Amino acid sequence: MIEQTAGRAQGAPEEISNLELNIWRGNSAGGDIVSYRVPVREGMVVLDAVLWVQANMASDLAVRWNCKAAKCGSCSAEVNGFPRLMCKTPISEYGGSVTVRPMKAFPVVKDLVTDVSWNYEVNKQIPPFTPSERDATSSEPWRMQQKDVERVMEFRKCIECFLCQDVCHVLRVHDDKAAFYGPRFMVRIASLEMHPKDVLDRTPLLKGKAGVGYCNVTKCCTEVCPEHIKITDNAIIPLKERMDDAYFDPIRAIVRRLGGSPKRRPVGE
Amino acid sequence: MSAHTYETVETDVLVLGAGGAGLRGTLAAAEAGLRVLIVCKSLLGKAHTVMAEGGVAAAMHNVAYQDTWEVHFADTMKGGKLINDWHMAELHAKESPERVLELERWGAVFDRTWQGRIHQRPFGAHTYPRLAHIGDRTGLELIRTLQDRAVHTPRVDVHMEVNVFKLLKADGRIAGALAYRRADGSLILYRCAAILLATGGTGKIYRVTSNSWESTGDGTALAYEAGAQLRDMEMMQFHPTGMVWPAGVRGLLITEAVRGEGGVLRNKDGERFMERYDHERMELSSRDVVARAINSEVNAGRGTPHGGAYLDITHRTPEFIKSKLPSMYEQFLKLANVDITRQPMEVAPTIHYAMGGIRVDAETGATIVPGLYAAGEVASGLHGANRLGGNSLSDLLVFGKRAGEGVASAAKANAGASTAKLDPKELDSAIAELMAPLERPAGESPYKLFAEIQEVMTTHAPIVRDGPGLEAGVEKIHALGSRVAACGTGGPTTLAFNPGWHTAGDLKSMLVNSEALLRSAIERKESRGAHARSDFPRTEDELTPINFIVEKTADGMDVRAERQAPMPDYLAEAVQHSYARYTPEATE
């Protein structure tokens with residue numbers, strides 16, 4: 001462990017005490033924890049402390065952030081081992097010492113910045129929102145009821161922080177990104193599948209490439225979601241049920257064989 | 001030849017910025033059959049548009065049947081204190097309903113009325129309930145919808161975490177741009193037939209702001225350097241309600257929807273002070289009025305312990321608050337330990353939005369530089385001296401589409417620009433300037449200079465300004481200019497993801513924006529909208545159709561007044577007409 005110290009911060013009149021902020025510094029070749037002393041201000045969050053270090057002690061400290069209001073999902077990291085948004089994590093939740101590491105499920109670029117491009121590739125593979133021909137060409141504004149749209153609104157709250165991906169054991173421990181899209185994209189598929197106006201049927205995709213069967217319902221993703229989306233209960237389990245109904249229900253299998261064609265267009269086979 | 005190598009990437013249309021305007025412009029340009037490359041400083045989907053909370057303004061009359069484009073036009077013009085580009089305001093009011101409905105057809109999910117139509121909420125200075133919304137996260141819905149459509153559109157590609165440093169011209173036309181990848185510092189030379197700038201605002205030139213690190217005014221600075229005109233740069237909006245406490249979250253936005261849903265403002269004596277500033281509209285007055293009212297209360301010693309006002313919505317039920325304002329509830333509980341269903345919020349003005357920006361043609365988004373287009377916050381004209389809440393998201397959609405079509409037709413007509421010969425000297429000197437901070441290990445820290453620019457703007461161009469203060473501000477910005485030109489990275493000079501180096505580049509943009517703001521503010525010798533001067537407190541009638549235009553000349557920055565053509569009669573009548581007040585009982 002390397003120790004670094006600096007003089008008192010400029011312009012920090014509300015200084016109360018010091019924080020020992022341990023940040024993983026390094027790149028794909030390796031790295032180590034570096035310890036910094038940060039003056040604490042009232043209401044400070046972990047991101048404030050990290051940015052203070054960047055401005056005063058380590059100008060090349062790589063970190064992603066944007067809105068600083070838990071709305072963009074950029075500043076994901078592991079704070080004392082727990083995946084969190086740094087902008088939403090008050091220093092006061094900890095004692096005098098905090099350790100911040102990059103997300104483990106993705107390759108490190110530098111310091112706290114990871115390569116999350118795989119997620120963007122996955123999103124491209126999911127067939128997008130598709131309304132019926134009639135809805136698409138109708139000149140009338142659509143009518144939908146609040147109770148019907150509320151179901152997908154929960155999924156559309158997702159800010160793509162990828163903390164759920166980080167904590168999912170299929171991606172984190174087994175690094176099996178070829179087998180499972182991960183919780184974020186189960187939420188994405190659910191938001192499309194349950195959209196009142198969407199007509200595609202993505203269960204073939206779920207069974208195949210998206211790999212919904214890989215989820216074994218440990219609910220870790222739900223636990224870390226900063227938007228409190230009930231990922232497992234409201235997105236993944238209903239999607240698993242759709243897949244089971246479509247592929248493993250004997251009565252439906254017979255109906256399907258007799259030519260009872262589904263109304264929706266199956267995609268992703 | 002420069003010692004630094006670069007990769008050349010070719011496309012038809014280059015779009016800088018992946019917020020609402022950039023994405024909507026991309027879709028329009030791709031629909032015209034062109035290859036479009038989006039370049040953004042952050043990851044896709046993180047742009048400042050996600051911060052927009054309240055909604056998108058569009059006269060769809062789903063809640064108030066009396067609403068028409070004329071009323072929306074009149075509200076926008078009156079809110080902008082009549083210096084708006086009236087043609088932009090007209091197009092915006094007419095086209096925004098169509099753009100919202102189109103968004104819904106692309107998968108956006110809005111809150112509904114009991115009849116199943118898109119719900120619309122009341123907002124400051126809009127005569128009727130007009131903001132289509134999704135709880136208080138409308139911007140996220142907008143960006144996600146456009147983003148998903150864009151990545152599934154053929155011919156569209158995205159380069160994330162790339163900074164553009166300079167726009168390049170050949171034979172007087174836009175022909176490319178010099179950029180670098182944040183991850184490894186490698187250089188890219190983009191070759192294209194036309195560019196759409198959609199880089200957003202410049203709030204970061206102030207210390208207390210609701211804007212993210214990205215809002216350093218890059219687009220305005222790039223366009224200015226390339227020869228485009230800037231307009232209304234003195235018009236910088238203070239949003240009335242930013243968080244004031246704790247210190248770590250100072251400036252963070254509290255959506256106007258809190259007031260739209262019934263929140264009231266009180267001073268420390270419990271007085272509902274808006275009564276004295278705008279008896280008619282109270283808390284839902286325009287943002288410039290509410291922001292100055294809070295400022296005046298604090299200055300008169302009637303502020304809260306942390307120097308703000310109280311915003312109180314506790315008279316609504318907890319269920320109502322949690323369903324209509326879920327992210328506000330969460331934000332205060334988590335960051336300030338305040339339960340807004342039981343306690344008032346402490347609020348104070350925070351820098352929020354730049355009404356000023358690049359001067360564009362109302363119909364196409366064209367600048368005066370051939371092949372250069374702009375839309376969204378980086379452009380100017382629609383909002384005049386003050387933007388109404390909700391008009392920003394509709395601005396992105398309406399003018400994003402128009403500028404996307406504009407840039408596409410320019411690219412089609414000048415396909416040769418992407419292969420025209422660039423000036424090698426210009427390219428080499430741009431590369432040298434970009435890399436210079438890395439070669440100055442002993443140079444000043446860019447973070448320090450960043451904070452100093454913010455300090456100058458906060459002190460010298462505050463919510464109420466005066467001539468001597470502004471003049472002194474210009475002097476200080478000039479002095480900072482020479483220090484910025486000699487600054488280093490503040491530490492290591494490595495190329496790999498080095499925010500010190502990135503920040504050094506941002507400073508250049510901030511200086512252009514700061515000087516343009518200060519100089520335009522000096523020229524506008526009156527108080528109007530967001531621009532208030534203690535030495536010229538009145539609004540001068542003869543300045544009504546006047547805009548201040550900023551342009552780069554051989555002698556430096558030039559600022560001059562320009563008079564707009566008068567509005568046609570039908571628009572003037574729409575502004576003067578007296579519209580019936582909205583009464584919920586009669587319509588719902």
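Me: How are helix 3 and helix 11 of chain B oriented to each other?
Reply: In this predicted model, helix 3 (residues 86-105) and helix 11 (residues 391-413) of chain B pack with their axes 8 Å apart, at an angle of about 95°. Angles from 65 to 115 degrees count as roughly perpendicular. Helix 3 of chain B and helix 11 of chain B are therefore roughly perpendicular.

Me: How do the residues of the contact of helix 3 with helix 11 of chain B divide by class?
Reply: Helix 3 of chain B brings B:Leu91, B:His92, B:Glu95, B:Ser96, B:Arg99 and B:Leu103. From helix 11 of chain B come B:Ser394, B:Asp395, B:Leu397, B:Val398 and B:Lys401. The division is four nonpolar, three polar and four charged.

Me: Is B:Pro462 buried, exposed or partly exposed?
Reply: B:Pro462 sits in the loop between helix 13 (446-460) and strand 19 (464-465) of chain B. Within 10 Å there are 15 other C-beta atoms. A buried residue needs 20 or more and an exposed one has 12 or fewer, so B:Pro462 is partly exposed.

Me: How far apart in space are B:Pro462 and B:Tyr206?
Reply: In sequence, B:Pro462 and B:Tyr206 are 256 residues apart. From C-alpha to C-alpha, their separation in space is 9.2 Å.

Me: Which residues does the cis peptide bond at B:Pro246 join?
Reply: B:Pro246 is in the loop between strand 13 (236-243) and helix 6 (257-260) of chain B. Omega of the bond is about -5°. The cis bond joins B:Trp245 and B:Pro246.

Me: How many helices and strands does chain A have?
Reply: Chain A has 269 residues, of which 46% count as buried. Its C-alpha trace spans about 80 × 40 × 25 Å along the principal axes. Its secondary structure comes to 11 helices and 10 strands.

Me: How are helix 7 and helix 10 of chain A oriented to each other?
Reply: Helix 7 (residues 183-193) and helix 10 (residues 231-248) of chain A have axes 9 Å apart and pack at an angle of about 70°. That makes helix 7 of chain A roughly perpendicular to helix 10 of chain A.

Me: What is the make-up by class of the contact of helix 7 with helix 10 of chain A?
Reply: Helix 7 of chain A gives A:Pro183, A:Met186, A:Val187, A:Ile189 and A:Ala190. These meet A:Ile231, A:Ala235, A:Ile236, A:Pro238 and A:Leu239 in helix 10 of chain A. The contact has 10 nonpolar, no polar and no charged residues.

Me: Where does the kink in helix 10 of chain A lie?
Reply: The buried residues of helix 10 of chain A include A:Ile236 and A:Leu239. The kink is about 25° and comes shortly before the proline A:Pro238. Its place is A:Ile237.

Me: Is A:Glu160 buried or exposed?
Reply: A:Glu160 is in the loop between helix 4 and helix 5 of chain A, and its phi is positive, near 55°. There are 26 other C-beta atoms within 10 Å. The cut-off for burial is 20 or more, so A:Glu160 is buried.

Me: Which element of chain A gives the largest share of the side that touches chain B?
Reply: In the contact between the chains, 48 residues of chain A face 52 residues of chain B. The residues on the side of chain A are 24 nonpolar, 10 polar and 14 charged. The largest share, five residues, comes from helix 4 of chain A.

How values were computed
Residues numbered from 1 in each chain as written. Chains lettered and ligands numbered in written order. Predicted model: local features only at pLDDT ≥ 70, side-chain atom pairs only at ≥ 80, totals over all residues. Axes fitted to C-alpha atoms, helices over the stretch in contact; angles between N-to-C directions. Helix = DSSP H or I, 4+ residues; strand = E, 2+ residues; numbered from the N terminus. Parallel < 35°, antiparallel > 145°, perpendicular 65-115°, else oblique. Contact = placed C-beta atoms within 7 Å. Nonpolar A, V, L, I, M, F, W, Y, C, P; charged D, E, K, R; others polar. Bend = angle between axes of the 7 residues up to and from the residue.
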